[in-house]
Amino acid sequence: MDQRSLEEAVRSSWAVRESQAAKKLIDGKVDTGGRGAVTGGAHLDAMTDLLGDVFRDAGFPPDAVRCRSGVELPGYFRPTKKWDLVVLLEGELVAAIELKSHVGPSFGNNFNNRVEEAIGSAADLRRAYDNGLLGRTKPWLGYVLLLEEAPGSVGKGRPRSGTFPIDPAFADTSYLDRYVILCRRLRSAGLYDATCLVTSSRQSDAPIRQPDPEIGYAAFVSAILARIEEVGVLQPRRN
């Protein structure tokens with residue numbers, strides 16, 4: 001997957017957000033902050049399709065790579081949850097990928113929500129597998145986050161301490177820094193097999209950045225390909 005494809009997918013996300021926000025204004029439905037641009041959904045569809053193509057190009061049949069329907073998976077702490085990308089092989093769950101975005105202005109208000117969602121989704125599915133709800137094959141889990149580059153996300157700050165001191169790793173960090181730590185730790189803790197953090201500002205000519213190559217897009221795709229090889233597909237699709 002080349003950088004241009006990733007850039008096009010990220011720009012598509014911003015375009016969909018803007019069109020959804022404009023439609024809500026025309027319809028007289030005004031959400032607070034930037035919420036109006038995301039409550040319509042679909043803003044990460046291009047990125048989801050891009051990742052789905054990695055599996056399709058490796059030989060998975062189209063109906064085995066599910067992006068918008070058939071993506072409900074059983075949980076342990078809840079009946080089901082919809083994942084953004086679900087991949088099957090002969091009835092076994094090969095991979096499930098969650099894609100999220102975080103845009104301003106409410107970086108402080110929503111950061112903990114994103115963290116709790118990421119941890120909870122993985123823990124729930126892992127426990128569901130342990131309890132025999134997902135077949136014999138241990139699922140591969142991926143997490144992708146698109147973060148807006150803005151003063152509120154890149155500016156440094158010190159989180160408040162509570163009863164005990166905070167982890168020194170979080171001292172004097174931006175929300176971008178904290179997301180890097182999150183993505184690294186989600187992977188090292190075994191909650192996700194691969195994580196990816198991409199940043200972008202709203203300007204159409206702004207560069208797409210990947211703050212840490214270890215949790216960059218290329219590394220994420222490489223992890224997907226390793227999973228595909230593990231389950232024994234890797235048969236490039238012929239055009």
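This is a predicted model: local features need pLDDT of at least 70, side-chain atom pairs count only at pLDDT 80 or more; totals for chains, interfaces and linings use all residues.

Residues are numbered from 1 along each chain as its sequence is written, and side-chain values use heavy atoms, with hydrogens and water left out.

**Stop one: two helices.** Select residues 45–57, helix α2, and residues 217–231, helix α6. Helices here are DSSP runs (H or I, at least four residues) and strands likewise (E, at least two), numbered from the N terminus. The two axes come within 10 Å and cross at roughly 35 degrees; axes are lines fitted to C-alpha atoms, for helices over the stretch in contact, and angles run from 0 to 180 degrees between N-to-C directions. Now show side chains: α2 brings Leu 50, Leu 51, Val 54 and Phe 55 to the contact, while α6 brings Tyr 217, Phe 220, Val 221, Ile 224, Leu 225 and Ile 228. Contact means heavy atoms within 4.5 Å. The residues of this contact come out as ten nonpolar, no polar and no charged (Ala, Val, Leu, Ile, Met, Phe, Trp, Tyr, Cys and Pro count as nonpolar, Asp, Glu, Lys and Arg as charged, and the others, Gly among them, as polar).

**Stop two: Cys 196.** Pick Cys 196 in strand β7 (residues 194–200). Is Cys 196 buried or exposed? Its relative accessible area is 1%, so Cys 196 is buried (buried means under 20% relative accessible area, exposed over 50%, partly exposed in between, with a 1.4 Å probe and protein chains only). Not counting residues up to four places away in sequence, Cys 196 touches Tyr 143, Val 144, Leu 145, Ile 215, Gly 216, Tyr 217 and Phe 220. Draw a C-alpha to C-alpha line from Cys 196 to Gly 216: they are 20 residues apart in sequence, yet 5.1 Å apart in space.

**Stop three: Glu 98.** Move to strand β5 (residues 92–102) and pick Glu 98. With a relative accessible area of 2%, Glu 98 is buried. Leaving aside neighbours within four places in sequence, its contacts include Lys 81, Lys 82, Ser 121 and Tyr 143.

**Last stop: a lining to colour.** Select Gly 108, Phe 111, Asn 112, Pro 159, Ile 166, Phe 170, Tyr 175 and Arg 178, which line the second largest pocket. A pocket, on a 1 Å grid over the protein atoms alone, is an open set of points where a 1.4 Å probe fits, with protein on both sides within 12 Å along at least five of seven lines; lining residues have an atom within 4 Å of a point. Helix α3 gives the largest share of this lining, three residues.
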